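Please have the sequence and the structure open as I talk.

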Amino acid sequence: STAEAQMFVRLLALASLGSATALTYRHEHASPRLSSAGARLWSLRGGATRAAGSGKPKRDEPRLSLKFATYVVAWAVVPTLLRVAYAYVTLPAAVPAPAPSLLQSLGYVSAPAASAPEALPLPQRWQVAVAAAWVANNLAVMVPGRYDSRRAMAAEKACAATANLFTPSGWAFAIWGPIFAGEWLMMLYLTNVPAAGAVGAAVAPGWVAALCAQAAWCAAFRPSVSGPGLLWVPAGLLATTGACLAVAHRALRAMACGPLTNALVRWPIALHFGWISAASLVNLNNWLARVRSPLPLKEAAASASVVAAVAAAAYVTATTRDPVFAAVIAWALAAVAADGAKSARGLVAEATLDRVRSVARVGCGAAVLLVCSLV
């Protein structure tokens, strides 16, 4: 509704006013040219490997700092505090009951009751969970030391035995920008706009569980926790993230949503759902590569990953009538075809890489057709 949109815009403007300086904040451990947002986009490569011969990392590894943690927590807490404080200041005072008349005192006429004061709009438990999960996820992705960190990828020595045939091109990871921005706005919307209560209560269980699983992936996807033989664990955690996002996505699609709710809730969840589904396949292929699986098995896994991605896109498109998931799958497969397993060039026969690229192109085309069927 118009009133709902105006309320959210005012809330966002008020919160942004207090955070204007923080928006220009640069992560203290990153290069002066690398913002914390850019560092976070790089830090969520999700198992992709560097190109062969990329050499040493050009920039220091971004790290979690107290300033960044304070910045993230403030975005989750301050808008709600401002909303509750504003409600308290503008709360109408309770009107006392007038003195009873003689007839009311004798019980012949009922006395009017005093008006009860309005309750403060304190956050509900699911709103607290949404804000806490958003904070935990934003902090977890900034903890260094994962397999996909710059330092770890630069230290890798490419060889035929560990060649990964299913890796997306670097530009594909730019999709984390709209995902993070969209879920930031979604968190503010669900935790501070009363009209979004029904939608928030419906999607919160799945979305909160998904972010918890993604934070667990950040903890597990590191050499100190999961050796090459255990990389199926983080791959499973990403698959769990996708399954939980599927629950949130289906719950949302079962409700009547207006344009604002679609833009602030459905699209971010659908983007995240599609990309994590593709990233789980990337992690699976990464595990097969690092345990030195035979080349025919890795080629079959890469082709099967394309088939699985397109099949998932077809299922989601048919059951939810939402083209966003299929569009993200098309984006991911286009990136796989564009990359062409660069890290494996010179280590694996070009004919093998050509076959993987061809399958990825066909899968991308099929996903595009699914999107066009709903547009």
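This is a predicted model: local features need pLDDT of at least 70, side-chain atom pairs count only at pLDDT 80 or more; totals for chains, interfaces and linings use all residues.

Residues are numbered from 1 along each chain as its sequence is written, and side-chain values use heavy atoms, with hydrogens and water left out.

The secondary structure comes to 13 helices and 0 strands, where helices (H or I, at least four residues) and strands (E, at least two) are DSSP runs numbered from the N terminus. Of the 375 residues in the protein, 47% are buried, and by buried I mean under 20% relative accessible area, with exposed being over 50% and partly exposed in between (1.4 Å probe, protein chains only). Taking contact to mean heavy atoms within 4.5 Å, residues 24 or more positions apart account for 86% of the contacts with a separation of 6 or more.

Now to helix packing. How do H8 and H10 cross? The axes of helix H8 (residues 197–220) and helix H10 (residues 259–290) come within 12 Å and cross at roughly 30°; axes here are lines fitted to C-alpha atoms, for helices over the stretch in contact, and angles run from 0 to 180 degrees between N-to-C directions. That makes H8 roughly parallel to H10, given that angles under 35 degrees count as roughly parallel, over 145 as roughly antiparallel, 65 to 115 as roughly perpendicular and the rest as oblique. The crossing of H8 and H10 is left-handed, a word used if the near helix is turned anticlockwise from the far one by less than a right angle, with right-handed used if clockwise. On the H8 side the contact includes Val199, Trp207 and Trp217, and on the H10 side it includes Thr261, Ile269 and Asn283. The residues of this contact divide into 8 nonpolar, 4 polar and no charged, where Ala, Val, Leu, Ile, Met, Phe, Trp, Tyr, Cys and Pro count as nonpolar, Asp, Glu, Lys and Arg as charged, and the others, Gly among them, as polar.

H7 and H8 pack at an angle of about 135°, with their axes 13 Å apart, and that makes H7 oblique to H8. The contact is made by Trp176, Glu183, Met186 and Leu190 of H7 with Gly200, Val203, Trp207, Leu211 and Gln214 of H8, and its residues divide into 6 nonpolar, 2 polar and 1 charged.

Turning to the rings, those of Phe, Tyr and Trp (its six-membered ring) pair if their centres lie within 6.5 Å, and planes under 30 degrees apart count as stacked, over 60 as edge-to-face and the rest as tilted. By this rule the count comes to 8 aromatic pairs. The rings of Phe68 and Tyr71 have their centres 6.4 Å apart and their planes at 45°, so that pair is tilted. Phe68 is buried, with a relative accessible area of 1%.

Trp171 and Trp331, by contrast, form an edge-to-face pair, 5.0 Å centre to centre with 90° between the planes. This pair links distant parts of the chain, 160 residues apart, with Trp171 in the loop between helix H6 (150–155) and helix H7 (176–192) and Trp331 in helix H12 (residues 323–339). Trp171 is partly exposed at 39% relative accessible area, and Trp331 is also partly exposed, at 34%.
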